[in-house]
Every structure is written in C-alpha cells, then in structure tokens.
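Dear colleague,

Please find below the structure that I am handing over to you, together with its sequence. My notes on it follow directly after.

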Amino acid sequence: MQPSLLNVESTESCIRIFRSGQSEPIVEQHAEPGKRPYIHPVVAPDGTGVLTENVPPHHPWQHGIYVGLNDVNGIGFWEEGLLGKSTDGSFNPLRLQAVSVERNTVAWEVETEWLDPNGQRMLMETQGWRLTDHGERYELDLVWSLKAETAITFGQYTYGGLFLRMPYREEFGGQAINSEGQINEEAEGQRARWVACCLPIEGRSDEAGIAYMDHPGNAEHPVPWRVDNQLGISPSRCIAGAWQLGVGEVSTSKYRVLVFCGSTDSDVVNASWQSFVSL
C-alpha cells in the first residue's frame, strides 16, 4: 500500500484527517471547550476497523488516545469528576489553530488549560502532533509539554500520562507486548522502550494494533508502563516517583504512536523505534 496524499477539515474544536479521495476520516482530533482533548477514532491503515474506543463502560473517562494525571498538587486530572470527587480538576482546550498539511503529513497543536476545582489555572499543556501516513502504517509523533503556572508536585501513582484505550473485549482477548518481550500482566509496571497492543477488531478477519514508544530523551527512560486488565497502556513516569516543576518551568516529553494491521511484528516496531530516536 502506497502513502496517500492527506487533506483536512478543521473547526475551532475538531480536526478530521482524510486520505485523498476518501469520504471518511482516518483520524479525528477533538478539543471541545471545557472537555479533555483526545484523538478518536483512529481507523486501521487498510481502512477496515476502528482501533480506538471512546467512553468505554468500564472507564467512561477514557477517550482513545489522550493524556491525564492522577495527582497534581493533590488534584486529579483523570476521572473528569465522573465519580463525584471534589478534588478533581478540569480541562479547557483553547481554539485550535491552523493545521499544516504537506503531502502525506499533517501537523497540529492542541493547547489546554489544566484548572483546579476553583477554576484557577495550574498548568498550560501543549500537545504538538505530527501524523505521517506510510500506507501500511501511520506514525503519530507527539511532543507533550506542561508549563507550571504555580509550583507543582506531581505525585507518585500507579498510572498516568499518555494513555491508549482500544476496544478490548474479554471474550476475544488480545495481547500487549513490550520491547523486553514481556506479555500482558508481565509488562505491568515494567520499564521498556515501547509497548504494543493488538486485538481482534470488529469488522476484521485479523487483528490490528497500536504501539506507544518512549523517547530516550524523556525523564526516567526507559519509563515504567501501565498495562491494565483491559490492555490499556501508558508510559507512566509517575510510577517511578514524584517530581516537581517550579513556576514557569516546562516539562517536555516525546512519544511515537505506531498504528498497524495484523499482529505485532517486533521487527517493524523496532525499525520505527530506531527512526524515532533520531528525532
């Protein structure tokens, strides 16, 4: 499959990315005011099946590809207030700006205020995304920055950061494997360069998957990972311990999201990893 030219439809709160000549988007970015920004759906590179899940019944605060943290000066940016906790903060994405489109590549930014329960801004988040369509796979590169508006302590927690929710169903199973060869629960809390998750997908006769990669320039690399019982995965620096940002300081991390058809091929993931580390 050859790479396709890409085009975009965008508003102040949504970006839809299409392959040339196709009527359905392959990727959507959502950034509605007052809500957590997220990417969903992500369509398999061969056009058959959706690889992300939005608002699953077991975790209704989860949204495909998204970011959250559980302890920011004691404030939660994970469950979106859905469990009635008075200590939950909120997100407020700003209006999306112009999108850059060049042949098979699309780049965009999402700026989001992280607000405490009183509406005071604690952090300014920037997600800088770059999607490259290689035909048989996509690569989404993320530069994720958090700027502190007040002195911040990020608490130790068992999960948090960039998260992936795929449409896991217990009766059909699936597999998460990391760069060290550890599978499913063996990979929970373990350090690794990458973790790939592949599942049977509705409408497909085979599996498809998504891998997350941790850049060697990131703090705590190779980072500990969350791998939950529904095969949600997350590179989670917070597992390793607490860290701080002073007023005006910025924390920046880089991740790659590889989207592929079929089962996980470690050679393909490692090749993508090698190209990612040179960025």
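What volume does the largest pocket have? In this predicted model, the largest pocket has a volume of about 250 Å³. A pocket is here an open set of points on a 1 Å grid over the protein atoms alone, with protein on both sides within 12 Å along at least five of seven lines, and a lining residue has an atom within 4 Å of a point. Grid points are joined across faces, edges and corners, and the volume is the space filled by probe spheres set on them. The lining of the largest pocket consists of 13 residues, and Pro167, Arg169, Pro200, Ile201 and Glu202 are those nearest its centre. Sorted by class, this lining has 7 nonpolar, 3 polar and 3 charged residues; nonpolar covers Ala, Val, Leu, Ile, Met, Phe, Trp, Tyr, Cys and Pro, charged covers Asp, Glu, Lys and Arg, and the others, Gly among them, are polar.

Two remarks on conventions are in order. Residues are numbered from 1 along each chain as its sequence is written. The model being predicted, local features need pLDDT of at least 70 and side-chain atom pairs count only at pLDDT 80 or more, while totals for chains, interfaces and linings use all residues; side-chain values use heavy atoms, with hydrogens and water left out.

The chain as a whole

The secondary structure amounts to 1 helix and 20 strands, taken as DSSP runs numbered from the N terminus (helices: H or I, at least four residues; strands: E, at least two). Along the principal axes, the C-alpha atoms fill a box of roughly 50 × 40 × 40 Å.

Of the 279 residues, 53% count as buried (buried is under 20% relative accessible area, exposed over 50%, partly exposed in between, with a 1.4 Å probe and protein chains only). The accessible surface comes to about 11900 Å², and carbon and sulfur atoms hold 45% of that area; the areas come from the Shrake-Rupley method with a 1.4 Å probe, and for residues only the protein chains shown count as cover. Among contacts with a separation of 6 or more, 60% are between residues 24 or more positions apart, a contact being heavy atoms within 4.5 Å.

Cavities

A search of the whole structure finds 3 cavities of 30 Å³ or more, a cavity being a set of grid points where a 1.4 Å probe fits but cannot get out. The largest cavity has a volume of about 110 Å³. Its lining has 14 residues, with Trp144, Arg237, Trp243, Ser253 and Tyr255 nearest the centre. Strand E11 (137-148) and strand E20 (250-261) are the elements that give two or more residues to this lining, and E20 gives the most, with 4 residues. By class, the lining of the largest cavity has 7 nonpolar, 6 polar and 1 charged residues.

The second largest cavity holds about 40 Å³ of space. Among its lining residues are Asp214, Asn218, Pro235, Arg237, Ser253 and Tyr255. This lining divides into 4 nonpolar, 2 polar and 2 charged residues.

Backbone features

Most peptide bonds are trans, and most residues other than glycine have a negative phi.

- The His40 to Pro41 peptide bond is cis, with omega near 0°; Pro41 belongs to strand E4 (residues 38-42).
- The His221 to Pro222 peptide bond is cis, with omega near -10°; Pro222 lies in the loop between strand E16 (207-214) and strand E17 (225-227).
- Val55 has a positive phi, near 55°. Val55 lies in the loop between E4 and strand E5 (65-72) and counts as partly exposed, at 40% relative accessibility.
- Leu231 has a positive phi, near 65°. Leu231 sits in the loop between E17 and strand E18 (233-235) and is buried, with a relative accessible area of 5%.

Strand E4 also contains Tyr38, which is buried at 14% relative accessible area. The C-alpha atoms of Tyr38 and Ile65 are separated by 5.7 Å, although the two are 27 residues apart along the chain. Beyond neighbours within four places in sequence, Tyr38 has contacts that include Glu28, His30, Asn54, Ile65 and Tyr66.

With kind regards
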